[in-house]
Amino acid sequence: MSGSSLVIHLLDKEYRVACPPGEQDNLLRAARYLDDQMREVRQANVIGLERIAIMAALNMSHELLEAREHLDSDADSDARVEGLLSRLENEIRAFEESQTPTPVKP
């Protein structure tokens, strides 16, 4: 992988990871989030780095799936609203056309 490497800290351990140029801030933010999640799991008396990492990964995967489900639900709602607006516009147009007076022929 081209690019530089970056040092991150997880549960007081230091790791050097490859990082593409311009992504350092995102990777550091992700590492801080992962470290926070791992510390939270460790506070629940989970013992062992591997178990802590697995539980944190499961928790984060659950959060991601819930967020995706919420976004899908929002997209469905947006589509329903667009459909309703289209129907409403059609009904208004039809009403207006029915209210237009027809010219009387002399």
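These legends describe close-up views of a predicted model.

View 1. From the N terminus on, the order of the elements is β-β-α-α. The chain has a radius of gyration of 28 Å, well over the 13 Å that the globule rule gives for 106 residues, so the chain is more spread out than a compact globule. Taken along the principal axes, the box filled by the C-alpha atoms is roughly 95 × 35 × 15 Å. Of the 106 residues, 11% count as buried.

**View 2. The salt bridge between Asp12 and Arg39.** The side chains of these two residues meet with N and O atoms 2.9 Å apart. Arg39, at 26% relative accessibility, counts as partly exposed.

**View 3. The salt bridge between Arg39 and Asp35 within helix H1.** The closest N and O atoms of this pair are 2.9 Å apart. Both residues lie in helix H1, four residues apart, which is about one turn of the helix. Asp35 is buried because its relative accessible area is 12%, and buried means under 20%.

**View 4. The network of Asp12, Asp35 and Arg39.** Salt bridges link these three residues in a network. Arg39 takes part in the bridge to Asp12 and in the bridge to Asp35. A search of the whole structure finds two salt bridges.

**View 5. A patch of negative charge on the surface.** The residues gathered here are Asp36, Glu40, Glu63, Glu66, Glu69, Asp72, Asp74, Asp76, Asp78, Glu82 and Glu89. Helix H1 (24-43) and helix H2 (49-99) are the elements that give two or more residues to the patch. H2 gives the most, with nine residues.

**View 6. Glu66, one of the residues of the negative patch.** Glu66 is placed in helix H2. Its relative accessible area is 48%, so Glu66 is partly exposed: the value lies between the cut-offs of 20% for buried and 50% for exposed.

Technical notes:
Residues are numbered from 1 along each chain as its sequence is written. This is a predicted model: local features need pLDDT of at least 70, side-chain atom pairs count only at pLDDT 80 or more; totals for chains, interfaces and linings use all residues. Side-chain values use heavy atoms; hydrogens and water are left out. Patches are made of residues with over 30% relative accessible area and no salt bridge: like charges are joined within 9 Å, nonpolar side chains (Val, Leu, Ile, Met, Phe, Trp, Tyr) within 5 Å. Accessible areas come from the Shrake-Rupley method with a 1.4 Å probe; for residues, only the protein chains shown count as cover. A salt bridge is a side-chain nitrogen of Lys or Arg within 4 Å of a carboxyl oxygen of Asp or Glu. Lys and Arg count as positive and Asp and Glu as negative; His and the chain ends are not counted. The place of a charge is taken as NZ of Lys, CZ of Arg, CG of Asp or CD of Glu. Buried means under 20% relative accessible area, exposed over 50%, partly exposed in between (1.4 Å probe, protein chains only). The radius of gyration is taken over C-alpha atoms; the globule rule is 2.2 Å times the number of residues to the power 0.38.
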